[in-house]
Amino acid sequence: MEFGDAHVGAVGVLVGGDEPGPAYFDVGSGSDVPSTTHWSAYDGQVGRPRAEALRAVCACGWRGAAEYALDWATVGDRPLYDADVDLTGPLADWNAHLSLVRDKTAPLPDPLAALLAEITEQLTTTTEDAPLAALRAVGMLERIAARVGREAAAALTDDGVSAAAVAAGLGTTRSKALILLLRGRD
């Protein structure tokens, strides 16, 4: 959640040492052929590739070095989504990746971090007790964040901070950082 869609993690599969393309599902005639890259689809059934190992993957392009072999003797003929496949290794690797990303980001001042935690707690409580008031507060926060975000982006742009440096400081992609900086020019 902290990094948005820039660091969405998943369990990836390896077939022959490489990541295969999407797995397709034959649903009969027609031009629409559904596909997915979800790890459980690579079960070797109905012509789909059969995963040999799992590893952590991230939307940023990072790939975990560790490979976790699938024990097909235990899985048997069951679809992977029905098998009790242990995903703790790839998920732990992705969490370790997020920790490294977090360590490289600009630290929040302690009072601001505490205030954000308090706002989150207050909004959650208000949502339970008075959802309309919570929605109003969220709208106010969105407007405050947009204004302050433009001001911060303008200050970074004026200081000549590169999109790459902003991306590293925020734990996001260069393209998202560039968009943020461009908003600061408006």
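Modeller: Val46 lies in the loop between S3 and S4, where strands are DSSP runs of E, at least two residues long, and helices are runs of H or I, at least four residues long, each numbered from the N terminus. This is a predicted model, where local features need pLDDT of at least 70 and side-chain atom pairs count only at pLDDT 80 or more, while totals for chains, interfaces and linings use all residues. Residues are numbered from 1 along each chain as its sequence is written, and side-chain values use heavy atoms, with hydrogens and water left out.

Back to Val46: its phi is positive, about 50°, although it is not a glycine. Most residues other than glycine have a negative phi. At 69% relative accessibility, Val46 counts as exposed (exposed is over 50% relative accessible area, buried under 20%, partly exposed in between, with a 1.4 Å probe and protein chains only).

Arg48 belongs to that loop too, between strand S3 (35-36) and strand S4 (53-58), but it is buried, with a relative accessible area of 14%. Its side chain makes a polar contact of 3.0 Å with the side chain of Asp43 (a polar contact being a pair of N or O atoms within 3.5 Å; within protein, one must be able to donate a hydrogen and the other to accept it, and residues adjacent in sequence count only if both atoms are side-chain atoms). Leaving out residues up to four places away in sequence, Arg48 touches Ala23, Tyr24, Phe25, Ala41 and Asp43, contact meaning heavy atoms within 4.5 Å.

Arg55 counts as buried at 16% relative accessibility, and a 2.8 Å polar contact joins its side chain to that of Glu19. Its neighbours, again not counting residues up to four places away, include Ala10, Val11, Gly12, Leu14 and Glu19, along with Arg63, Gly64, Ala66, Tyr68 and Pro90.

Apart from residues up to four places away in sequence, Ala66 touches Leu54, Arg55 and Asp93. Pro107 is 41 residues from Ala66 along the chain, and their C-alpha atoms are separated by 29 Å.

Now for the cores. The largest nonpolar core has 14 residues, of which Val13, Trp39, Tyr42, Leu54, Leu70, Leu80 and Val85 touch the most other members (a nonpolar core is a set of buried Ala, Val, Leu, Ile, Met, Phe, Trp, Tyr and Cys residues joined through side-chain atoms within 4.5 Å). Strand S1 (9-14) and helix H1 (72-75) each supply at least two residues of this core. Leu70 touches Ala51, Glu52, Ala53, Leu54, Leu80 and Val85, once residues up to four places away in sequence are set aside. A second, separate core has 6 residues, among them Phe3, Ala56, Leu98 and Val101.

Further along come the helices. Helix H3 (residues 110-129) and H4 pack at about 145°, with axes 6 Å apart; the axes are lines fitted to C-alpha atoms over the stretch in contact, and angles run from 0 to 180 degrees between N-to-C directions. H3 brings Ile119, Leu123, Thr126, Thr127 and Asp129 to the contact, and H4 brings Pro131, Ala133, Ala134, Ala137, Val138 and Leu141.

In helix H5 (residues 163-170), Ala163, Val166 and Ala167 are buried. Seen down the axis of H5, the buried residues fall within an arc of 100°, so they line one face of the helix; the arc is taken from the directions from the helix axis to the C-beta atoms. They pack against helix H4 (131-158) and helix H6 (174-185). Leu178 has its place in H6 and is partly exposed at 34% relative accessible area. Leu178 and Ala163 are 15 residues apart in sequence and 5.2 Å apart in space, C-alpha to C-alpha. Just after H5, Gly171 takes a positive phi of about 70°.
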